[in-house]
Amino acid sequence: MKTATFGLAANAYDASSNGNFDQVDVTSASDGTGEVYIFEYRDGGATRRIPPSRMPSLDAARSEAIRCAVDLLVDLQPGIDDLSGWLVRVSGENGELLCVVDVAEAEAARQANP
């Protein structure tokens, strides 16, 4: 399951909102067990936070963050986009930062799995 569904609203409220996700549905990647994680993506000069996702473990959330960061690399253009710093951050339900995937880690993962 992909957590990043850019351009798609999780519910009717979000479809007509400004993207702040004031009313939140949890996207589930499991049977309801596990923890809730919040993914934040760097999109050019802006950041995008998607609705919380339920994942079976922090390892699963980190794997998803790496997969998404690799996908984001495709859209980065050398000389135009900043190719340093973080691409995906994962926080817990209470907002504590749990992991960060930067450009270097995403590039290493991309090269390891062509």
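In the predicted model, a polar atom of the Arg42 side chain lies 3.1 Å from the backbone oxygen of Trp86. Arg42 is located in strand β2. With a relative accessible area of 14%, Arg42 falls under the 20% limit and is therefore classed as buried. Beyond its neighbours within four places in sequence, Arg42 is in contact with Thr47, Leu72, Asp82, Ser84, Gly85, Trp86, Leu87 and Val103.

Leu87, one of the contacts of Arg42, is also listed among the residues with the most contacts inside the largest nonpolar core. Sequence neighbours within four places aside, the contacts of Leu87 are Glu40, Tyr41, Arg42, Ala69, Leu72, Leu73, Leu76, Val101, Asp102, Val103 and Ala106. The core itself has 21 residues, and Phe39, Tyr41, Val88, Val90 and Ala106 join Leu87 as those with the most contacts inside it. At least two core residues come from each of β2 (35-43), α2 (58-75), β5 (86-92), β6 (97-102) and α3 (103-112). Helix α2 supplies the largest share, seven residues.

The end C-alpha atoms of α2 are 26 Å apart; this agrees with the 26 Å that its 18 residues should span at 1.5 Å a residue. At the N-terminal end, α2 is capped by Ser57, a side-chain oxygen of which lies 3.4 Å from the backbone nitrogen of Asp59. The buried residues of the helix are Ala61, Glu64, Ala65, Cys68, Ala69, Val70, Leu72 and Leu73. Their cover includes β2, β4 (53-55), β5, β6 and α3.

Two further residues of α2 were examined individually. Leu58, which lies in this helix, has a relative accessible area of 37% and so counts as partly exposed. Apart from neighbours within four places in sequence, Leu58 is in contact with Tyr37 and Leu98. The C-alpha atoms of Arg67 and Val101 are separated by 9.8 Å, although the residues are 34 apart along the chain.

Cysteine burial was considered next. Cys68 has 4% relative accessibility and Cys99 has 9%; both values are under 20%, so both residues count as buried. The structure holds zero disulfides.

The average pLDDT is 77, and 69% of the residues score at least 70. Strand β6 has the highest confidence, at 95, whereas strand β1 (residues 27-28) has the lowest, at a mean of 44. The pLDDT is below 50 over residues 20-31, a stretch that has 32 contacts in the model beyond near neighbours in sequence. Where pLDDT is low, predicted coordinates should not be read in detail.

Conventions. Residues numbered from 1 in each chain as written. Predicted model: local features only at pLDDT ≥ 70, side-chain atom pairs only at ≥ 80, totals over all residues. Heavy atoms only, no water. Core = buried A, V, L, I, M, F, W, Y, C linked by side-chain atoms within 4.5 Å. Buried < 20%, exposed > 50% of the residue type's maximum accessible area, 1.4 Å probe, protein only. Helix = DSSP H or I, 4+ residues; strand = E, 2+ residues; numbered from the N terminus. Contact = heavy atoms within 4.5 Å. Disulfide = S-S within 2.5 Å. Polar contact = N/O pair within 3.5 Å; in protein donor to acceptor, adjacent residues only side chain to side chain. Expected span 1.5 Å × (residues − 1). pLDDT = per-residue confidence, 0-100.
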